[in-house]
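Look at the fold below before reading on. The paragraphs that follow go from the sheet to the helices and then to the aromatic rings.

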Amino acid sequence: MKIVTQVKLMPEADHAAALRSTLRTVNDLACRVSEEAFARGVPREYELRKHTYPRLKAEGLGAQAAQHVIKKVRDAYTTLHANIRAGNLGKPKSKRRIKAESKPITFRPQAAQPYDDRCLSWQYDQQTVSIWTTAGRIKNVRFVCSADALKMLRQHRKGESDLIERDGVFCLIATCDVPEAETYEPDGFIGVDLGIVNIATTSTGYQAAGRGLNRYRKRQLALRAKLQKKRTKSAKRRLKERSRREQRHVKNTNHVIAKTIVTEAERTSSGISLEELKGIRQRVRLRKPQRVALHSWAFAQLGDFIVYKAKRAGVPLVFVDPAYTSQMCSQCRHIDKRNRVDQGLFICRGCGVVAHADRNASHNIAQRGETVWNAGRESRVPATP
Ligand SMILES: [Zn+2]
């Protein structure tokens, strides 16, 4: 499975200048290749190369860099066309779509540039890279990342990396190809209920309270509102920094939660049952003070982390339909909206069982996971005559 790992470059001043001017140059040239592509009705990469490659070489790009620029442009059009086909830009006559179709794709001066192993080499022990620039190859450019990221790079980095500049900071985004472990036969399933108040509750008793995250988010929102009123350039920059810091905070929290759940599953040889995440925002009805709570992307990210960690560990994983999991009694399966007395309390109107609402839901999700897994297993076994 492919995952990406990001490192921050720590170039000396002259190296930073070389990297900056390289990105500017390749993206400027990409804009021109894009104009050419657009004028020619977006031909195939081979055809496009015929018309643009000599010019890129004449502008001082090496063979690899020139080809990467052409490929980047062609890929950008492929992505655009796929998005149009998928309806992501609206209907044929929509404003957005007309705007996207009526002019060439452009590239920001700091936009990502792909590098292959011939233009970029990694020295993990020294934590440096050697990288091609328009001012020649620069060596011993230090990079920093977490110990986990370094280990990942050392063991699994493969193929291309992207160089980007973000707020004056240069980063490399490397692709790692991580092998998946073989899935074992699960001994029961751990159900995971996702929610606003409790981010994750499992049927085995683990609960990640959202309190910390929600409080943090509330504080951030208050600060953001203050900054938004200012409308100055520095306020804008600080806003951006703030939202990045918040994203990092959520990401760390999600990593910890996902790790806890997957480790627990591994230790007990269980599978993991997750609710299908589509529309969590619709499902979780928010009272007013909770509107500041987590966005759907945070849950999607938690789901992604669980999937990724489960695959790496060989933990079986199933997705189940979350309908009525919060209204159904996990003991007698009686479904009633009124079973859920309030946010935290579940009292079954059928059998009278009293439970924590999220825990009850997580048991339902675990049971559905088991059912889904068994159904899949039966269909895998060839029918006996
Ligand atoms: Zn009941």
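Two strands pair if DSSP finds at least two bridges between them. Helices (H or I, at least four residues) and strands (E, at least two) are DSSP runs, numbered from the N terminus. The model is predicted, so local features need pLDDT of at least 70 and side-chain atom pairs count only at pLDDT 80 or more, while totals for chains, interfaces and linings use all residues. Residues are numbered from 1 along each chain as its sequence is written, and side-chain values use heavy atoms, with hydrogens and water left out.

Begin with the sheet. It is open and has seven strands, in the order S2-S6-S7-S1-S5-S4-S3, with antiparallel pairing. Strand S2 (113-115) and strand S3 (120-123) are the edge strands, each pairing on one side only. From one strand to the next the twist averages 35°. Seven bridges join strand S1 (residues 2-10) to strand S7 (residues 169-177) in the antiparallel sense. Lysine 2 has aspartate 177 in S7 as its bridge partner.

Axes are lines fitted to C-alpha atoms, for helices over the stretch in contact, and angles run from 0 to 180 degrees between N-to-C directions. Helix H3 (residues 63-85) lies across S2, strand S4 (128-133) and strand S6 (157-166), and runs at about 130° to S2. Helix H5 (residues 147-156) lies across S1, S3, strand S5 (136-144), S6 and S7, at about 50° to S7.

Helix H2 (residues 45-58) packs with H3 at an angle of about 135°, their axes being 9 Å apart. This makes H2 oblique to H3; angles under 35 degrees count as roughly parallel, over 145 as roughly antiparallel, 65 to 115 as roughly perpendicular and the rest as oblique. Among the residues that meet are Leu48 and Tyr53 in H2, and Ala66 and Ile70 in H3.

Now the aromatic rings. Rings of Phe, Tyr and Trp (its six-membered ring) pair if their centres lie within 6.5 Å; planes under 30 degrees apart count as stacked, over 60 as edge-to-face and the rest as tilted. The count is four aromatic pairs. Tyrosine 115 and tryptophan 132 form a tilted pair, 6.5 Å centre to centre with 50° between the planes. Because tyrosine 115 lies in strand S2 and tryptophan 132 in strand S4, the pair ties together parts 17 residues apart in sequence. Both tyrosine 115 and tryptophan 132 are buried (under 20% relative accessible area, with exposed over 50% and partly exposed in between; 1.4 Å probe, protein chains only).

How values were computed:
Contact = heavy atoms within 4.5 Å.
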